[in-house]
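Dear colleague,

Here is the structure I said I would pass on. My notes on it follow below.

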Amino acid sequence: MASPQDRVFTTSPAQLASSAGPRKHRRRIDPKIWWAYAFISPVLIFLLVFSVVPIFFSFWVSLHSWNLITPIPEMPFVGVDNYTRILLYDDVFRRALVNTFVFAFWGVTFNLVLGLAGALLLNSRIRWRPLWSTFFFLPIVTAPLALGMMWTALLNKNFGLVNALLGSIGIPPQPFLSSPEQALGCIIFMAIYQYVGYYVVVFLAGLQGIPQDYYDAAAVDGANARQSFWYVTLPLLRPVMLFLVVTNTIGALQVFDLVFAATTGGAETSGGGPANSTMVVVLHMYNTAFKFFRMGRASAMAMVLFVVIFVITLVQLWLLRHRE
Amino acid sequence: MKGLTGMAMRRSRLTQPFISILKYVALVSVSCVMLLPFYWMIAASLMTTAEIIRTPPPLLPAEPQWRNYLDVVYAVNIGRAYLNSIIVSALTVLGILFTSSLSGFAFAKYHFPLKNVLFTIILASMMIPFFVILIPVFYIVKQLGWLNNYAGLILPGVVSAYGVFMLRQFIQGIPDELLDAARIDGASEFRIYWQLIVPLSGPALATLGVFSLVGVWNSFLWPLLVVQDSALHTVPLALNNLRTYGAEERSLNLRMAGTVLSVIPSVVVFVWLQRFFRRGIALTGLKG
């Protein structure tokens, strides 16, 4: 029988037979490959125009001073000036970098623990499982913008429900989002709330993929519940955890909507307040680009964050693969 | 052996009810936290401004103020925003489903020069975060004259590298014999795609569709940049307008009413199509 490759490239039975012999240099091109090119062309054209070209363009812009209006051939070349400016002189950008790291680190860490706990709970013998899981997953589908507004209302320092609840157990009202000390913590909390369900679903799928035999074997060897968790469940969930840590760190480093919705900005900027305590990189980049029209500088910020995400991803892959 | 299992069982019989009570306590308290924002959103959306700023706030409105929802419609024209969001989401999702299944089919079932290179490029483009290409894409859309119209909202989003990957994986599982049989019957390649591959890819298309739908419906940053004309605002943009509409204590009920209106479709779609959604998440999670 001919291999799949031959079936596509040959059109007649005679050629099919000859393909078993020495390869011919000139084969007739199968008309089906034109169909294949036609089928992939929409995706290729769109990805070229809206992904591949833009990434090089973005780097190019980061080496120039540009206000989006000057024609591209005329934008002044400034070399690495945009990079030195944002890294050495832009305090807000450095603040934003630190905040973004803090946000991603705590958000992902908490959610790994909470998500695993939630998945173990939902995987155990309980009643009304679909009901509980619906509650867990509800925030995932809700727009971050809407969730930000919902939590802003709840966390209002004067008339929010959370302060009323705290008051009923004797805790004085907290300023939450209006305090530079607490605002970032509130944002992290909102992100945990929003994405914990995602971790639960992925962990659940991982848990259900572990064969019961392994637990039986562990039980025969005299392992108790805690031991079989540490020595069977956790090691077998490693690939799932790797996936969750990598994808969610990448996502968290790009946070925008939530901060935009839940925080106030300056006179001409959006979000990140109070006093830039919740400023994150993409938000600062948005302000730089679309409030002040400094495209070069904003592109440099994008490039820096892109490199940071790339490096962090590589480090995570390396760390989590090698800690066998 | 027997003694050991017996001991374990005796212990578990003693601790079982205790553990199971603990489980339900945990489930109920977590559910309360998860539902708290949704409850407060609905309750506050029906309150008067006086009730909203009372401390401590009432847990339910004395008299539901359905008028608030009408006021939202006047304040930000949420009806128009709904229409825009429906048009944009429907066309974007249809675009994603069409382009993804078409090239997923090509990558799964044909052999052509540069196939692996092109597929690798598509996979690699999945790694490009949106913020990196935000400014160039904005510029390109501006040069194409798509600012402030549906094209700018829809077209940059009609291709999904992830969708191509997912559909290729799925279509690879469709037996080649079916395709060959159709060819012998004289079907063209496009007809094979349209009448064989598309119907057989139903489950994968449903999962991808639900995923993209929720993503597009909730998307905020891109519409915020592309659309200035309020007649073209999508629901998140209308909601954002409401966010800055009046002082917080005077308009919190309107904001929450707007939030309810914006959240309803994704929640309904989710509860209705949960299994596709969860399957999709599990699929992406296990591939790693």
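Domain bounds here come from an automatic or database domain assignment. The model is predicted. On that assignment, chain A divides into domain 1, residues 4–62, and domain 2, residues 81–322. Taken over C-alpha atoms, the centres of domain 1 of chain A and domain 2 of chain A are 41 Å apart. The contact between them takes 4 residues from domain 1 of chain A and 7 residues from domain 2 of chain A. On the domain 1 side of chain A, the residues that touch domain 2 are 2 nonpolar and 2 polar, with no charged ones.

Next, one residue within chain A. Phe176(A) sits in the loop between helix H8 (161–168) and helix H9 (183–208) of chain A. Is Phe176(A) buried or exposed? Phe176(A) has 21 other C-beta atoms within 10 Å, and a residue counts as buried at 20 or more, so Phe176(A) is buried. If neighbours within four places in sequence are left aside, its contacts are Leu155(A), Lys157(A), Gln182(A) and Cys186(A). For one of these, Leu155(A), the C-alpha atom is separated from that of Phe176(A) by 6.4 Å, while the two residues are 21 apart along the chain.

Last, the contact between the chains. Chain B contributes 72 residues and chain A contributes 74. On the side of chain B that touches chain A, helix H14 (residues 248–287) of chain B supplies the largest share, 16 residues. By class, that side of chain B has 53 nonpolar, 13 polar and 6 charged residues.

Regards

Terms used:
Residues numbered from 1 in each chain as written. Chains lettered and ligands numbered in written order. Predicted model: local features only at pLDDT ≥ 70, side-chain atom pairs only at ≥ 80, totals over all residues. Contact = placed C-beta atoms within 7 Å. Nonpolar A, V, L, I, M, F, W, Y, C, P; charged D, E, K, R; others polar. Helix = DSSP H or I, 4+ residues; strand = E, 2+ residues; numbered from the N terminus. Buried ≥ 20, exposed ≤ 12 C-beta atoms within 10 Å, placed from the backbone.
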